[in-house]
Amino acid sequence: QHSREDVAAGLQFFTERLMLDYLARNGFARPLLCLSGGVFANVRLNMRLRMDLTGVQRVFVYPSMGDGGLCCGAAALAARELGETVSAPHGIISLGPSFSASDVHAALQASSAAGAQEAAKIPELNAFAQAVASHVHAGRVVGFFHGPMEFGPRALGHRSLLALATDPSINDTLNARLRRSEFMPFAPVTLRSHAAEAYVGWDPEDSEAGRHMTMCYQVTPAMQERCPAVVHVDGTARPQVVDEREGLYHQILQEYHAISGIHTLVNTSFNLHEEPIVCTPGQAVAAFEGGACDVLAAYPFIALAGGGAASGHV
């Protein structure tokens with residue numbers, strides 16, 4: 001009788017060895033390796049390919065790497081065959097529906113939560129980012145809802161729960177709150193300007209590295225000490241690394257760093273266990289009411305659990 005951890009470790013070892021051997025034998029070891037397919041949702045496998053496949057310098061994994069991403073590949077192939085230019089003017093992630101401030105306000109007004117209609121409206125982006133950062137710094141879990149829904153399996157700052165990476169107990173408390181298994185580790189979001197301080201072998205010249213949470217990295221001793229909530233038992237983390245391209249999400253992390261001196265937060269998907277990631281303002285409010293977070297930050301509104309309005313100060 002083997003434990004589930006031993007079975008998982010054995011399957012992981014087999015998968016890594018099989019894929020490394022297959023790619024090497026079939027001539028796929030190239031300096032720039034682009035990957036898609038459900039198996040490449042396995043971030044530790046991707047790390048092994050980046051580190052141990054001879055001749056590989058950089059690895060890019062398409063963010064919607066499973067069957068759900070086939071539609072984009074099919075459209076790109078058809079466009080090329082028709083002589084059209086293949087481009088993604090809105091990026092390859094921000095392809096879902098987005099909602100206006102009036103949509104968010106209507107969802108809050110329809111809420112049964114006491115005082116939800118009193119949510120503070122903070123339209124100025126810097127002030128909003130400062131308020132969110134202050135709530136996280138105070139130890140509150142923030143449900144962040146902003147912009148288009150992400151396309152793919154990862155929450156990348158449009159439908160995310162943000163929490164302290166410095167609190168080693170957050171894995172137990174947040175998992176219990178979200179009714180998730182302890183076998184599901186949390187991931188960090190880190191400022192790109194500080195990524196080399198956190199991740200071993202970080203390539204500052206690769207502007208796509210870590211952007212879509214598709215790769216594992218060994219963490220540095222400093223990261224292990226300062227942000228234990230996002231470090232796996234094997235000393236790795238699966239980061240999202242952000243810069244100015246991520247807009248308001250990046251501003252929040254910058255403001256948190258200014259307050260705390262810490263460059264990283266927990267980023268996990270905004271949903272309760274076995275529920276899909278929230279898409280609409282109504283779903284975000286329902287998850288908030290269901291206890292997923294202490295603070296709902298649905299730009300430009302911020303509401304506190306228990307019905308309090310949230311000012312820009314904590």
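Which residues have the most contacts inside the largest nonpolar core? In this predicted model, local features need pLDDT of at least 70 and side-chain atom pairs count only at pLDDT 80 or more, whereas totals for chains, interfaces and linings use all residues. Residues are numbered from 1 along each chain as its sequence is written, and side-chain values use heavy atoms, with hydrogens and water left out.

**View 1. The largest nonpolar core.** The residues with the most contacts inside this core of 83 residues are Y199 and F270. Helix α5 (residues 125-137) supplies the largest share of the core, 6 residues. A nonpolar core is here a set of buried Ala, Val, Leu, Ile, Met, Phe, Trp, Tyr and Cys residues joined through side-chain atoms within 4.5 Å, and helices (H or I, at least four residues) and strands (E, at least two) are DSSP runs, numbered from the N terminus.

View 2. Eight strands form an open sheet with mixed pairing, in the order β3-β12-β11-β4-β5-β10-β6-β9, where strands pair if DSSP finds at least two bridges between them. The edge strands, each pairing on one side only, are β3 (120-121) and β9 (240-242). Strands β11 (residues 295-298) and β12 (residues 301-304) pair in the antiparallel sense over 4 bridges, and A298 has F301 of β12 as its bridge partner. Helix α4 (residues 101-109) packs on the sheet, touching β4 (142-145), β11 and β12, and its direction makes about 20 degrees with that of β12.

**View 3. Helices α4 and α10.** The axes of α4 and helix α10 (residues 281-289) come within 8 Å and cross at roughly 40 degrees; axes are lines fitted to C-alpha atoms, for helices over the stretch in contact, and angles run from 0 to 180 degrees between N-to-C directions. The contact (heavy atoms within 4.5 Å) is made by D103, V104, A107 and L108 of α4 and by P281, G282 and V285 of α10.

View 4. F186 lies in the loop between α6 (170-178) and β6, and at 2% relative accessibility it counts as buried, a term for under 20% relative accessible area, with exposed over 50% and partly exposed in between (1.4 Å probe, protein chains only). Leaving aside neighbours within four places in sequence, F186 is in contact with residues including I170, L174, V230 and V266. The C-alpha atoms of F186 and I170, 16 residues apart along the chain, are separated by 9.2 Å.
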